Amino acid sequence: MSAILRVSDLRKSYSGIHALDGVSFDVEGGSITGLIGPNGSGKSTAIDCISGFQKLDGGTVTLGGTDITSRPAHLIARAGLMRTFQTVRVYDRLSLADNLAIAAQQFDPAGWIDEFLRTRRYRQAVESSEQRARQLVELIGLQRYYEAETGILSYGQKKLVALAAALMPHPKIVVLDEPVAGVNPSRIREIEVALQQLNRAGETFLIVEHNVEFITTLCHQVIVLEQGRKLTEGTAAEIHTDPRVLEAYLGITPEMAAAEVRGAA
Amino acid sequence: MKLAAALLAALAFAALPVLTSSNYVVGVGISALIFTAAAAALNLVYGFTGLLSFAQLGFWGIGGYTAALTVVSLGGSFWTGLLAAALLNAVIAVLVGYPMLRTNRHAFVISTLTFALLVTLIARDWVSLTRGPLGIPDLPAPQAFGLLFDTPRKFYWIAWIFSVAAIAFLFALCSSRIGRTLVAIKQNEPLVRAQGISPMPYKLTAFALSAAITGAAGGVYCFNLRIIDPSFLDFYYMQTFLIIVIIGGAGSFWGVIASGIALSALPEVLRFSDDFRMIIYGVILVIAMFVMPSGVAGLLRERRVARMREALR
């Protein structure tokens, strides 16, 4: 395995406050990597900067060997980094099918002339996009909603749609911003299974999440941020027992943390 | 289904001059056709892309003046005038649209309004170009294939062909992937960017095409009036287009077409009280906004979604 996403020395400050103060980490291709930290530790800022939604003050981001630092968001997406958002974003007034089709549309070679003339290239693009969409919809278990407007779906279901949309163009890496925040606990397990299945099929994920149990079950590697710096990094098991992490992230002792995790589950 | 209905409606409209002997009714029909095309163009930017553009009034005026001046000052034909109106508007829309579209949505609304007011000023005060408040009277009747379209009854065909062509073009655009992308931009711009799509070229294209069609519509309309003067930039026209779009349902293609035809008759019906026309208009708009905030099409859509929700429960 080699690093598909390499982030080094990210710096970002808002009016003198260092949201990111030299953060570096790698995401291995084919892995599920977690990014955790207490509120205000810089997780969201980090992925906004990586995905081009905020401007970096310093540092570099490379994706599959290509430098994508400070490119506009749409070009970073085209380079193969797809992301979801903390507050779920889908096109509420479009069908699930259209939601997924749009997500892949920029990545096929068919332009508007192809569409107008209904060329072979256009038909093939539409066909392969639909095939991918049906596959993903089956994976997230929303087949019966395929033609329905996504506005009628529940919050948790929309999170699944956002996940499927991010996967549509076969990206190099998918960055998930709190994929299970606000999701019904019974559905969290479904998302977990779906992510594991996708990962086995070769997808790479970087996940920002508050739910410790979710992260420790899923992730091969976990990066912990605190106050804009990387506190530590290791396997889920290592992180789970690291007293520094427990103190920074939960502000409590290991025994209390164990009880907390049981409580959350 | 909808397409078949639209085709039938277009054919029925083509038969209007044959069915009535009243020039007045034919005149209303001409206005209905042209206003509907202009409203459909506004629907492209406002309804589909989510950009409330008051610049339409400016494009309408520029189109009218360009067509008139091409014929009167440059000796071109009516058809070259229309083409010039469309092209000039598209170019202006790209030039002013680029900086406008980089601002946020509220600033965009204000700057388009300012643009419309600026065009009004030019029409009135740049006398050497526009002939000022007196305007350009006695516009010649259009000609084609040796025919002179010099009566409302004949001119009706020009309006019909123009509208049907403009609406067909807009329909093809709105139902394509470009149209779908415009809807996506309106609904969730950050998500569009996260999916590798740059919103600016789409918005600019929509704005420019809408400007071109509105300008050509203005060109046709001033040759219907046979005169153009600064009153061609009366806010009344903008208001008409906007009411058609709002009542039809912004973002609903056929809803706006249907309401365009229906509401174009309204100002004629209201003509009995020229002084109160605007006030009555305003009242109708306010009531419509209360009863159906997303237009007739929005009302129907909400019912459909409710049924779907029920069915999937």
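Author: Of the 265 residues of chain A, 45% count as buried, meaning 20 or more other C-beta atoms, placed from the backbone, lie within 10 Å of a residue's own. Keep in mind that this is a predicted model, where local features need pLDDT of at least 70, side-chain atom pairs count only at pLDDT 80 or more, and totals for chains, interfaces and linings use all residues. Residues are numbered from 1 along each chain as its sequence is written, and chains are lettered from A in the order in which they are written.

Reader: Ok, and how many helices and strands in chain A?

Author: Eleven helices and ten strands, taken as DSSP runs numbered from the N terminus (helices: H or I, at least four residues; strands: E, at least two).

Reader: In what order do the four strands of the open sheet in chain A come?

Author: β2-β1-β4-β5, with antiparallel pairing; strands pair if DSSP finds at least two bridges between them. β2 (17–28) and β5 (66–67) of chain A each have a single partner strand, so one side of each has no neighbour in the sheet.

Reader: How many bridges join β4 to β5(A)?

Author: Two. In one of them, A:L63 is partnered with A:T66 of β5(A).

Reader: What is B:T70 in contact with, beyond its neighbours within four places in sequence?

Author: B:G76, B:T80, B:G81 and B:A84, where contact means C-beta atoms within 7 Å.

Methods. Buried ≥ 20, exposed ≤ 12 C-beta atoms within 10 Å, placed from the backbone. Contact = placed C-beta atoms within 7 Å.
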